[in-house]
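Trainee: Can we go through this one together? I will ask as we go.

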Amino acid sequence: MLIRKPADIPSSEITPKDTYLNRRKFMLGAAALGVAAAGAERLSHFATPNEVMAATKLTTVKSPLSTTGETLTTYKDITTYNNFYEFGYEKSDPSENAHTLQTRPWSVSIEGLVKKPQTFDIDSMLRYRPQEERVFRHRCVEAWSMVIPWVGYSLGEFIKACNPLPSAKYVQFLSLADPKQMPLLKSVALDWPYSEGLRMDEAMHPLATLAFGLYGEALPNQDGAPLRVIVPWKYGFKSGKAIVRIRFTDSQPRNTWNVMAPNEYGFYANVNPNVDHPRWSQAKERRLGEFLKRPTLMFNGYDQVASLYSGMDLRKNF
């Protein structure tokens, strides 16, 4: 059997983004009109309830920071293979259970070492900067990866609007933890709410992104709606989802997985193929949609961030 690598696949064989989105517009129109029961059953094989709920088109511009020369992971894979433990352990659980998450109204409180604590409405955050399509590799510590066309803008630009004090050295992101909207919350033994953090210079790097969507549409619930952080040179667990609080601190904030398993997950979580996870190797990864594994790249291939860690022991500070 001939196994074709992504570079060998002509662009004519890859479904264009506009074609994909037009198909989804058709499905949304059919849902709005109230299709017959038999027709609705057939449509359910192509569009989940979460897809229908989340399909809000966003106006975007192309970002010069985007990764090029990579085949995008399909929308189906991105939205049905997820880690979002508030909705279950299995990769398919978030797409099946996250329809209970209500993303409007939604606000994000700014706390800690800032000139003035404030609260932003999600829609005002959407309008703060032009939305960019930023294509980034997404690497999970479990040795799988994707290439995702995120929609968002520079996290650093939003941080400027928060007016942190000079004493702020870190920024912490806290996710929603509502048992009413997340019925599996109590069955998953983590220290809720989910918390992640970055050093301030990491958060201000141009690659760090506040994401509101993917594939040109609002984030589906299972992918972290209505907003999440994307830090493409780090493992995916650094990218907090469904954020409701951003806190600026002068000391390193707790991050959930480091609290849960400090021998397995460090604060920095930079992709380093030379440091194995205690239970598996990180030297290779499997891109969703591909059969063969590929070598894992240092910093997930984003070498422009290496200067942030000059002089650090990246085996110790994992």
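**Strands, rings and one arginine**

Trainee: Where do I start, and which strand does β5 pair with in the parallel sense?

Mentor: β5 and strand β12 (residues 284-287) pair in the parallel sense over 2 bridges. Strands here are DSSP runs of E with at least two residues, helices are runs of H or I with at least four residues, and both are numbered from the N terminus. Two strands pair if DSSP finds at least two bridges between them.

Trainee: What kind of model is this?

Mentor: This is a predicted model, where local features need pLDDT of at least 70, side-chain atom pairs count only at pLDDT 80 or more, and totals for chains, interfaces and linings use all residues. Residues are numbered from 1 along each chain as its sequence is written, and side-chain values use heavy atoms, with hydrogens and water left out.

Trainee: How does β5 pair with β4 and with β8?

Mentor: Both pairings are antiparallel.

Trainee: What sits between β4 and β5?

Mentor: Their hairpin has 4 residues between the strands, and A143 there takes a positive phi near 75°.

Trainee: Why is β5 called largely enclosed?

Mentor: In β5 (residues 144-154), 11 of the 11 residues are buried, so the strand is largely enclosed by the rest of the structure. Buried means under 20% relative accessible area, exposed is over 50% and partly exposed is in between, using a 1.4 Å probe and protein chains only.

Trainee: And R134, buried or exposed?

Mentor: R134, found in strand β4, counts as buried at 3% relative accessibility.

Trainee: What does the side chain of R134 reach?

Mentor: It reaches the backbone oxygen of P206 at 3.0 Å. A polar contact of 2.8 Å also joins the side chains of R134 and E132. A polar contact is a pair of N or O atoms within 3.5 Å; within protein, one must be able to donate a hydrogen and the other to accept it, and residues adjacent in sequence count only if both atoms are side-chain atoms.

Trainee: New topic. How many aromatic pairs are there?

Mentor: The structure holds 16 aromatic pairs. The rings of Y85 and Y89 have centres 6.0 Å apart and planes at 75°, so they form an edge-to-face pair. Rings of Phe, Tyr and Trp (its six-membered ring) pair if their centres lie within 6.5 Å; planes under 30 degrees apart count as stacked, over 60 as edge-to-face and the rest as tilted.

Trainee: Which residues does the cluster of ring pairs link?

Mentor: Y85, Y89, F237, W257 and Y265. Y85 is buried, with a relative accessible area of 16%, while Y89 counts as partly exposed at 47%.

Trainee: Last topic: which strands make up the open sheet?

Mentor: The open sheet has 5 strands in the order β3-β2-β11-β6-β7, with mixed pairing. β3 (118-121) and β7 (195-199) are the edge strands, each pairing on one side only.

Trainee: How do β6 and β7 pair?

Mentor: Strand β6 (residues 170-175) and β7 pair in the antiparallel sense over 5 bridges. The bridge partner of V171 in β7 is L198.
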